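Thanks for coming, everyone. Please have a look at the structure on the screen.

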Amino acid sequence: MIVITGASGQLGQLLIADLLKKIPAARIVAAVRDVAKAADLAALGVQVRHADYELPATLDAAFQGASKVLLISSNAMGRRVAQHRNAIDAAVRAGVKLLAYTSVLHADTSKLGLAAEHRETEAAVLASGLPYTLLRNGWYMENYTAGLGGALEHGVLLGGAGEGRIAAAARADYAAAAVAVLLSEAPVPQVLELAGDQAFTLAELAAELALQAGKAVAYNNLDEAAYREALLGVGLPAGMAALIADSDAAAAQGALFDDSRSLSKLIGRPTTTLAAAVRAAL
């Protein structure tokens, strides 16, 4: 039995949709905080179990009978390490044969501010003694394409990544990688650095948007403080604005670049291109 935590989130839903193409629904457990939000999965025959990272007893029940667990990282910034430790401890008690965790690209050396919680979680995974795979995911294409409408409307794409090259891939690409690891009958690598085949700068993203939309779009590069203020100005919460600005500043120094092509090798196909991602967003 394979347990997917955070299964009602965007990545979790893609993962389970992919798993359903390959194994019987009864072998899949969707571990979710709100069972009602996974009613569609239950209707497909997936086992839906209540699992709250803050409540260890729910994790024990959710992981019962599991052979493999995919721990999808929590989105509760600042509380993630404690939440993840609860899940890791529950996986130990369940005696799972594989614990996979969605970390961040080059977590051990990354300059991304958000990498710190991933590093602590990775340390907890290693200390657990369980067989493990760290899925160090790069940036999602959707992190950028979700905001292209505003850039198109104003004719300007704002950012703070300078000339940093970003090896992003689509969320579906990372979902496929996790599925490949979970379904592998052979030993899987303990650490996988996963990123898109085609790295791009934000100026190149703006140029691709302009090309496809037939409208001029310029890239306006800002320093970290100015970009944070711009994000606050469009209504983002302070924490999210700081996180995005920090991430772009780190990307300017190469934090989101990787050319190993480990992701495409794992999923057996090229990753989603920049052009395809922009096309899907328009």
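First, the ground rules. This is a predicted model, where local features need pLDDT of at least 70, side-chain atom pairs count only at pLDDT 80 or more, and totals for chains, interfaces and linings use all residues. Residues are numbered from 1 along each chain as its sequence is written, and side-chain values use heavy atoms, with hydrogens and water left out.

Now the cores. A nonpolar core here is a set of buried Ala, Val, Leu, Ile, Met, Phe, Trp, Tyr and Cys residues joined through side-chain atoms within 4.5 Å. Buried means under 20% relative accessible area, exposed means over 50%, and partly exposed is in between, using a 1.4 Å probe and protein chains only. The largest nonpolar core has 34 residues. I4, L15, I16, L70 and L135 have the most contacts inside it. Among the elements giving it two or more residues are β1 (2-5), α1 (10-20) and α8 (171-183). Helices (H or I, at least four residues) and strands (E, at least two) are DSSP runs, numbered from the N terminus. Helix α8 gives the largest share of this core, eight residues.

Take I4. Contact means heavy atoms within 4.5 Å. Neighbours within four places in sequence aside, I4 touches L15, V29, L70 and L182, among others. There is also a second, separate core of 30 residues, including L148, A168, L243 and L256.

Next, helix α13, residues 274-281. Which of its residues are buried? They are L274, A277 and V278. These cover an arc of only 95° around the axis, which puts them on the same side of α13. That arc is taken from the directions from the helix axis to the C-beta atoms. On the other side, R279 and A280 are exposed. The cover over the buried residues includes α6 (142-145), α7 (148-154) and α9 (202-213).

Last, the aromatic pairs. Rings of Phe, Tyr and Trp (its six-membered ring) pair if their centres lie within 6.5 Å; planes under 30 degrees apart are stacked, over 60 edge-to-face, the rest tilted. The structure holds two such pairs. Y140 and Y174 are tilted, 5.4 Å centre to centre, with 55° between the planes. Y140 sits in the loop between β6 (132-137) and α6, and Y174 in α8, so the pair ties together parts 34 residues apart in sequence. Y144 and F200 are edge-to-face, at 6.4 Å and 80°. Both Y144 and F200 are buried.
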